[in-house]
Amino acid sequence: MKIADVRVIVTCPGRNFVTLKITTESGLTGVGDATLNGRELAVASYLNDHVRPLLLGRDASQINDIWQYLYKGAYWRRGPVTMTAIAAVDTALWDIKGKAAGMPVYQLLGGKAREGVLVYGHANGATLDEAVAEVGRFLDRGYRAVRVQSGVPGLAATYGVGKGRDFYEPATAGTRPEETVWATEKYLDFAPKLFDAVREAHGFGFHLLHDVHHRLTPIEAARLGKAAEPYRLFWLEDPISEELQEGFRLIRRHTVTPIAVGEVYNSIWDCHRLITEQLIDYIRTTVVHAGGITHLRRIFDLAALYHVKTGSHGATDLSPVCMAAALHLDISVPNFGIQEYMPHTPETDAVFPHSYRFEDGMLIPGDEPGLGVDIDEELAARYPYRQAYLPVNRLEDGTVHDW
Ligand code: EZ4
Ligand code: CO
């Protein structure tokens, strides 16, 4: 199973995606997502310039050895660029291993531990009323779990509220990031009213989630968590910046609202204390940014020991290749919690044909050998890369704040 070809494909069917495609001498192919939103070309270069020469001629079946070779062999450890590049290689090799074995990857991971993967959708509104109505639209479509985000009175724009309805996309094309303005006190006054209105309108028969997107201090987050308790959130996501791990101790002292963290983490070393000290309830690391299936499994296994469940990131910047891989892992691990799911645009779905499907609020991975996802390279070539950035966020006095 010698690796004969390694290609890095950059495409922009509405947004940028970087995909690694590995081909063996016998003609088996595997794909891995390598997209790092707003910093895409850094990963493309890491793969093309530094990893590709190391893979050619190597045995594609040696996933464990290749992972360690790329991780320890670089000397420089961790970081989003490195771990995304390693993830792409790892994912593509699992895809190949599944095809070589004639089995879907979830079978190689020990088989299905559940019938489907519970997902949550994103209900967004510019106003409270719009957000409440959007939650209803998701429930009508069969979602059992919905994240709600709303514009905040007095703020021009806020995280999670897009221009269109289904395809919220925070990155914008251009040579400079968009800038947004934030005021914590306006948000903190408003957020409990939003949860109250959603529960008032739609009841408690579904899971309600909310993403703070790293913007509070620990004591502010503690206040919000406490205020949210009557509305029984499934989770409060990223209440504070992910670097401030000690801050989660303070949040924990004040509230039983479950906490989800980890979409910006890229290794087990970023979250082992949060897990072993039981400071969080859901770990949001996912395949593409946390070293692939091989490494994410280790994080999930550690989390299982401490009753921390999985809740992988699944926004639109994670390609259908990542989603497919995530679903194979989600469906097989004992401590699965929930999977984020934002459907991609039809243009993106056409570039990445895939067999997973949405059914009754769950995603079901396909049963064909490998991951059940591919990239249409001819179609991908019609959408050249466009420079794009995530927004930069400032307080009302101009201070740069966490976005
Ligand atoms: O801002 O994926 O929970 N989801 C999120 C996402 C992230 C983007 C960053 O690339 O927080 O919307
Ligand atoms: Co988030």
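First, some housekeeping. Residues are numbered from 1 along each chain as its sequence is written, chains are lettered from A and ligands numbered from 1 in written order. As the model is predicted, local features need pLDDT of at least 70, side-chain atom pairs count only at pLDDT 80 or more, and totals for chains, interfaces and linings use all residues, while side-chain values use heavy atoms, without hydrogens and water.

Let's start with ligand 1. It has 14 residues around it, the closest being Asn-37, Tyr-159, His-213, Glu-263 and Asp-317 (a residue is near if one of its heavy atoms lies within 4 Å).

Now the polar contacts, meaning pairs of N or O atoms within 3.5 Å. Oxygen atoms of ligand 1 lie 2.8 Å from a polar side-chain atom of His-213, 2.9 Å from one of Glu-237 and 3.2 Å from a side-chain N or O of Arg-147. Alone, ligand 1 exposes 330 Å², and the protein buries 95% of that (Shrake-Rupley areas, 1.4 Å probe).

On to the cobalt ion, ligand 2. Which residues coordinate it? They are Asp-211 (OD), Glu-237 (OE) and Glu-263 (OE), at 1.9 to 2.2 Å, where donors are N, O and S atoms within 2.8 Å of the metal, or 3.2 Å for Na, K and Ca. In sequence, the donor residues follow the spacing D-x25-E-x25-E. Thanks, everyone!

Note on methods
Polar contact = N/O pair within 3.5 Å; in protein donor to acceptor, adjacent residues only side chain to side chain.
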